[in-house]
Every structure is written in C-alpha cells, then in structure tokens.
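Please find below a short note for a colleague who is meeting this structure for the very first time. The points are meant to be read in order, with the model open alongside.

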Amino acid sequence: MHLLMILMALAIALGLRQGNLNRQSVQTPSLANLDQRWRSGIIALVAPVLLLLTTAIAVLSMGAQGQMVWQGTGLASYLLSWLFLLSTLSCFIRQSLQLRHAVIQLRRYPQTEVLGHPCRIIDDSGLFSAQVGGWQPQLTITQGLLDHLDGDRLAAVLAHEDGHRVYRDTFWFFWLGICYRLTLWLPHSDLLWQDLLLLREIRADAWAAQQVDELLLAESLLDVIRAPLRSTASFEAAFSCTAPPSRLEQRIEALLCGTHPGLNFGWQGVLQLAWVLLPLTVVPFHQ
C-alpha cells in the first residue's frame, strides 16, 4: 500500500508538470497573464517536491511493517522514501555550501559605494552585475561594467539590481533552485525554470522603471546583453540573466509597454499548495 502511495505521488507530479506545460502551450505568451504565469509556474515547480516529501515523511512515520487499510506494507517503499529524503538533504547541503563559498569569495573585495549603492567591485573586464547572497544579498559589479556604462545607464542597472534586493529574489530562488534540481527528471523542468527567471527579471525591470526611464533601462539591457554571458547560480540575480533571445524580447516588450507586474505569490498561492499535505492524513489508518 505504501508503494502505491509513492506511485500515485509520482503520477500526480508528472501530471501536474505536464498540465502546466499544456496550459502554457495553448496560451499565447502575453504580458496580460504574467501574474497567472508566475503563480502557476511556482506551483508546478514546488508542488511535486512538496508532495513527494510529505509522501516520504508519511511512509517513514508509518514504518516498514504493519498493515494499512486491507493491504500490508513493504520494505521497498521505506527505502525509496529514505532515498528521496537523503537526496533532498544532499541537494540542500550542496547548494548551501556553494552559497557560503560565493559569499566568502565576495568578501575578499573591498566594499565601496557607487551612485549611493553599497557594492563590491570585482576586478574583471566583463560586463556583469548581480545581487549575490541569501536574505541580505550584496551588490556585485565588475570594473568592466563601471568603465563601459555612463552615469545614467549605470544608474538604470543599479536600480534593476535594487529591485532584486527589495523582492529578496536571491533568497527565494535559492529554494526554488533546490526544487528545480530535485525535479530535473520531470518533463520540461528547464523550460519552467527559464520562464521563472524571465518573470523575475521582468519584475526587477518594472521596479527599476519606477526610478529611471524605461528606454534608458532597455538600452542598458541591450548594451550589456551583447557581452558574453556568465552562468549564474540560483542565489545570484544578474542584470544580464542568461535567457533565450525570445525571452529577451519579452523583457524588452514589457519595459516598453510600461508593464508593472506585482508578481506576488501571496496567500492565494499558498492555499493552492495546501493539498500537498494530503499524504500525511493517511498516517492514522496504519496499523
């Protein structure tokens, strides 16, 4: 019976991810449904992990022996549950160590102020800026970016990075990144992850557009994006975040249309995730 619970959780995880993809494929990418894309994208990424976690916890709490409803239990489900929990813990530790290493490396560079923004400047000729860290990220800029952009364009880039700080993007995407890595075996995980990164950048652009001119910000983005892109970790929110060209077009379009999405997950999203706790409700039926 416990093995059946795990198989059902896997089937629901597959169906949820496929259903999210089908909804996106029948909808024309539009700036009008950004809030819906944001919420459904997060649910499609997070819900499979939470469902499998609660299923594993339920199976482990019931143990490898006994009877549930009218069927017995087995050792296979018990071992599978331990395997998933250990994989989750391993992924969390690995990501945490990478974050800690990045922050320690960053502290080697002196902290200074650029246009009123505290930041650390990396002696690198590349064009790169990002918030790096967790709940309290640090603004990081390369010397190449400072040399390349004039004052107004640099102010636009810094305003964008300030948006990432305000929305705590490095913290939330640290956790979303763990969910992404744990579900790489599910269909279209990378497509879903790239879409969430795009929406994250659109939200930071919208924040910056309240401080600086949208055209100036779009020009800065097109200017910086021409430089070779650097791969970034989930706890790094970069201005030139890697994305396919079609998604760059959506980002520019959102800027020029004056779209200012809030992209709040909110209590509505939390309530839509409450069903992942259902596996825990079967624990009392184990004997």
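1. In this predicted model, the largest nonpolar core holds 37 residues, and those that touch the most other members are Trp-38, Ile-42, Leu-45, Phe-173, Leu-176, Trp-193 and Leu-273. A nonpolar core here is a set of buried Ala, Val, Leu, Ile, Met, Phe, Trp, Tyr and Cys residues joined through side-chain atoms within 4.5 Å, where buried means under 20% relative accessible area, exposed means over 50% and partly exposed lies in between (1.4 Å probe, protein chains only). At least two residues of this core come from each of α2, α3 (75–106), α6 (169–182) and α7, and the largest share, 13 residues, is supplied by α2.

2. On the basis of the values, residues are numbered from 1 along each chain as its sequence is written, and side-chain values use heavy atoms, with hydrogens and water left out. Because the model is predicted, local features need pLDDT of at least 70 and side-chain atom pairs count only at pLDDT 80 or more, whereas totals for chains, interfaces and linings use all residues.

3. As for the chain as a whole, the protein has ten helices and seven strands, these being DSSP runs numbered from the N terminus (helices H or I, at least four residues; strands E, at least two). Of its 287 residues, 50% count as buried. Among contacts (heavy atoms within 4.5 Å) with a separation of 6 or more, 75% join residues 24 or more positions apart.

4. Leu-45, leaving aside neighbours within four places in sequence, is in contact with Arg-17, Leu-176, Cys-179, Tyr-180, Thr-183, Leu-192, Trp-193 and Leu-196. Val-46, also found in helix α2, counts as buried because its relative accessibility is 11%.

5. Helix α2 (residues 34–62) and helix α7 (residues 189–209) have axes that come within 10 Å and cross at roughly 140°, the axes being lines fitted to C-alpha atoms over the stretch in contact, with angles from 0 to 180 degrees between N-to-C directions. The two helices are therefore oblique to each other, and their crossing is left-handed. By class, eleven nonpolar, one polar and four charged residues make up this contact; among them, Trp-38, Ile-42 and Leu-45 lie on the α2 side, and Trp-193, Leu-196 and Arg-203 on the α7 side.

6. Helix α5 (residues 151–166) also packs with α7, at an angle of about 120° and with the axes 8 Å apart, in a right-handed crossing. The contact has six nonpolar, three polar and four charged residues by class, including Ala-156, His-160 and Gly-163 from α5 and Arg-200, Ala-204 and Trp-207 from α7.

7. Apart from neighbours within four places in sequence, Asp-169 is in contact with Gly-163, His-164, Arg-200 and Arg-203.

Technical notes
Angles under 35 degrees count as roughly parallel, over 145 as roughly antiparallel, 65 to 115 as roughly perpendicular and the rest as oblique. A crossing is left-handed if the near helix is turned anticlockwise from the far one by less than a right angle, and right-handed if clockwise. Ala, Val, Leu, Ile, Met, Phe, Trp, Tyr, Cys and Pro count as nonpolar, Asp, Glu, Lys and Arg as charged, and the others, Gly among them, as polar.
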